[in-house]
Amino acid sequence: MKRAGKAAVYEAPNTPFIIKEYPLRPVKVDEVLVRVSMSTICRSDIHSYEGKRPNPHPGILGHEIIGTIVELGKNISKDMRGDPINAGDRITWSEYFYHGECYYREIHDMPQKCQGVRKYGHDLVTDDPHFLGGFAEYCYILPGTWILKLPDELSDEEATPINCGVATMACVTEAAEISLGDAVVVQGLGLLGLYGCAMAKARGARLVIGVDAVSSRLDVAKKSGADHVFDISRMKPQELVTAVRKVCKPDGSDAVIEVCGVADVIPQGLEMLRVGGRYVLAGLVSPNANVTIDANMLVKKWIRMRGIHNYHPRHLIQALDFVCTNRRRFPFKEIVDSKFSLSELGVAFKRASERSVLRAAIVP
Ligand SMILES: [Zn+2]
């Protein structure tokens, strides 16, 4: 094994990434070392890079990662499903990890919200073991991470977004209680929204409505399960609400999912819902997402509103199985639509930030 590896280091918000080399050390008993096969740029990486939310630096960003096992600690022999794992296997793993006692995990079954939970792509690169983010040649998987072996049939493009975007949407569509015959609105058709459309359809929705301002995304949404798409760059908010309510007979949608990261869409989402409708928010991951709503609507319409952040380990398994089962029905391969090398990470971030690509992949 090579005893050093390269990483694209994020030194401070909005500064160029710098390729640096760090030493690799042998794994401890509960760790795994992987050679990164692919990492994709998630919207939250862009928020960190642009300084919209705090992230330690110098660091290695990237948490949507897959890789091949190089070295396995002696206490690890199986993945979270109980399947044996060995050096050379391609795996995905939870974007977060936590080791130790946890009130939220033990009492409320919310391991994703343990106080002190850590996420890949959120550590100082100067600290041991240096490699804890996706935009590097290697990544250490630390204790408290959920590991899942990937079947050979999945391409890297299909497999990489599973541990953040897809698993989050498994959690979101569960929280939205989407069931047979529902009409579902998805606000924002980035990777989360496209998987949201596909999952809503797979969960039995009769009608899926996708909303975005990027016209190329509307086309992918139609292939991903959306029955209607609306280009909000050409519509006033009230026109959009009227158009959505018109197709959601008799009195609006059963569920609305926000994955666009823009708080201003919330009043429109509330107006689209029928009495007793469900609203799940998942895109507003940065602080200060302030918005004014008429809370009377919540009361009079019996609306249930819920926020979702991270996911339960079961959603990681559901995400993988959903992609495997539905990869011929929906064009998941097309969603990761561009590839860059580690040294092109700056260009990749620029393209992803301006939304000229759907999901940029880094192949280190
Ligand atoms: Zn993410």
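Predicted model: local features only at pLDDT ≥ 70, side-chain atom pairs only at ≥ 80, totals over all residues.
The zinc ion is held by Cys42, His63 and Cys164, and the aromatic side chains form 14 pairs.

**The zinc site**
- Three atoms coordinate the zinc ion: SG of Cys42, NE2 of His63 and SG of Cys164, at 2.0 to 2.2 Å.
- Cys42 sits in the loop between strand E3 (32-40) and helix H1 (43-49), while His63 sits in the loop between H1 and strand E4 (64-72), so this pair ties together parts that are 21 residues apart in sequence.
- Along the chain, the zinc donors are spaced as C-x20-H-x100-C.
- Cys42 counts as buried, at 7% relative accessibility, and so does His63, at 2%.

**Ser338 in its strand**
- You'll find Ser338 in strand E16, which covers residues 336-340.
- Ser338 is buried, because its relative accessible area of 13% falls under the 20% cut-off.
- Leaving aside residues up to four places away in sequence, Ser338 touches Val357, Arg359, Ala360 and Ala361.

**Aromatic rings**
- The count of aromatic pairs comes to 14.
- Tyr104 is partly exposed, with 29% relative accessible area.
- Tyr10, Phe17, Tyr49, Phe135 and Phe349 come together as one aromatic cluster.

**Arginines over rings**
- Arg25 lies over the face of Tyr140, 5.1 Å from the ring centre.
- Arg35 lies over the face of Tyr138, at 5.4 Å from the ring centre.

Notes
Residues numbered from 1 in each chain as written. Heavy atoms only, no water. Donors = N, O, S within 2.8 Å, 3.2 Å for Na, K, Ca; no water. Helix = DSSP H or I, 4+ residues; strand = E, 2+ residues; numbered from the N terminus. Buried < 20%, exposed > 50% of the residue type's maximum accessible area, 1.4 Å probe, protein only. Contact = heavy atoms within 4.5 Å. Phe/Tyr/Trp six-rings, centres within 6.5 Å; stacked < 30°, edge-to-face > 60°. Lys NZ or Arg CZ within 6 Å of the ring centre and 35° of its normal.
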